[in-house]
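Please study the sequence and the structure before reading the solutions.

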Amino acid sequence: MSDETPRPVAVVVGGGLAGITAALRLADAGLEVTLLEGRPRLGGLAFSFQRGDLTVDNGQHVYLRCCTGYRWFLDRIDAAHLAPLQDRLDVPVLDVGRAAGPRLGRIRRTGLPVPLHLAGGLAAYPHLSLAEKANVGRAALALGRLDPADPALDRIDFATWLKQHGQSERTIEALWDLVGVATLNATAPNASMALAAKVFKTGLLSEPGAADIGWATVPLGELHDTLARKALDTAGVRTELRAKVGSLTRTEDGRWNVESAGERITADTVVLAVPQHETHDLLPAGALDEPDLLLDIDNAPILNVHVIYDRPVLRRPFFAAIGSPVQWVFDRTHSSGLKGPGQYLAVSQSAVQDEIDLPVAELRERYLPELERLLPAARGAGIRDFFVTRERTATFAPAPGVGALRPGPRTRAPGLHLSGAWTATGWPATMEGAVRSGFHAADAALHDLGRPHGHPLQEAA
């Protein structure tokens, strides 16, 4: 292409991880890209806000070593050093439901080949009986033989499969749901077996280090807003905030007019990287065969309870709990910029449809005693602050049958592509799924423009 030939113009609607990824990929391929975001910031539902002197993440987000898409994203925005991974998987699990008193166990791995890397940790895991551990091993081998892309798996729920493979209610609570609720945002009876198989097969059975956990040591906004914006600027992307898109129409020459905040942009290709209901409202007639299927993709909430104590009460960076309403607890003291004495804990609660709308006072009465039960050092500690963040549409609900509802990146309208963790990535609604959806949409757009660009994960392989 000569220097005089105009560059193709792309518009990306939505500035979450999916949209940022798509915009970066399109810009890297030489397109003239505008990113439109209706909010006053980037980052979608993985963001930060100010509460006095604190910088608060709306919810705790982690990723795994197997999340190669999100790891690419961190590298691309020069942030990998701010979200390090564990050297080896190590999850403290505290059981406070025992009549004999609390007991701490750990989910760990070794450096042995798959599946032996988990054998020692499972053998030492105190929250299951010998028979339950043996049954876990047999179920894991059966799971390893599954193809998560098999449509038949999407039609059954995870709990049914687990029970068919000898898993007790205790095993589901102390192991499968411990991981599954946090990654799928659904308990086993409400989760598609296909998505559960994707999580467990990829995270636990693909390579020894696949499930090593990483998380940001700085506020999420520093990654997904500040550094992402810097990367977009450097790539030549024009980013417009508070720019909600009102309409999307075809031009007479087959291009697209995107109307936003009084501005009209004419583009050769458009990526819609917004939630499924917003996508449904923006889609032109005929873009999808059955657009109303998007409305059948339900959402699932996540609740975060934030507690600031007047003294340290937890020595570990995080732990998971069983026998308690509490699911996962993270130390956010340093990353939030907490000043003075004390400690800031964030309690991350997934799949909490029955709690998401409870008053703060009721949540306080529910969770502070539970934290005291889990953490003896919290008994008698003063509460400097207590507040709650709620994401009622945090993820799409990974219910059985959802796979048939999730569209791919292409539509029937040439030049119009879809992105978002809710699209057909094969992953549940994670940061990894969002980034991969951005790859898929950008790749489809570039292919259709006759400008294919090397896939970043293939380049890294």
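This is a predicted model: local features need pLDDT of at least 70, side-chain atom pairs count only at pLDDT 80 or more; totals for chains, interfaces and linings use all residues.

Residues are numbered from 1 along each chain as its sequence is written, and side-chain values use heavy atoms, with hydrogens and water left out.

**Exercise 1.** State how many salt bridges a search of the whole structure finds.

Solution. A salt bridge is a side-chain nitrogen of Lys or Arg within 4 Å of a carboxyl oxygen of Asp or Glu. With this definition, the search gives 24 salt bridges.

**Exercise 2.** Determine which parts the salt bridge between E278 and K244 ties together.

Solution. Step 1: the N to O distance of this pair is 3.7 Å. Step 2: helices (H or I, at least four residues) and strands (E, at least two) are DSSP runs, numbered from the N terminus. Step 3: E278 belongs to helix 10 (residues 276-282) and K244 to the loop between strand 9 (238-240) and strand 10 (245-250), so the bridge joins parts 34 residues apart in sequence.

**Exercise 3.** Decide whether E432 and R436 are buried or exposed, and describe their contact.

Solution. Step 1: the closest N and O atoms of their salt bridge are 2.5 Å apart. Step 2: both residues lie in helix 13, four residues apart, so about one helical turn separates them. Step 3: buried means under 20% relative accessible area, exposed over 50%, and partly exposed in between (1.4 Å probe, protein chains only). E432 and R436 are both buried. By contrast, K244 is exposed at 54%, and E278 is partly exposed at 26%.
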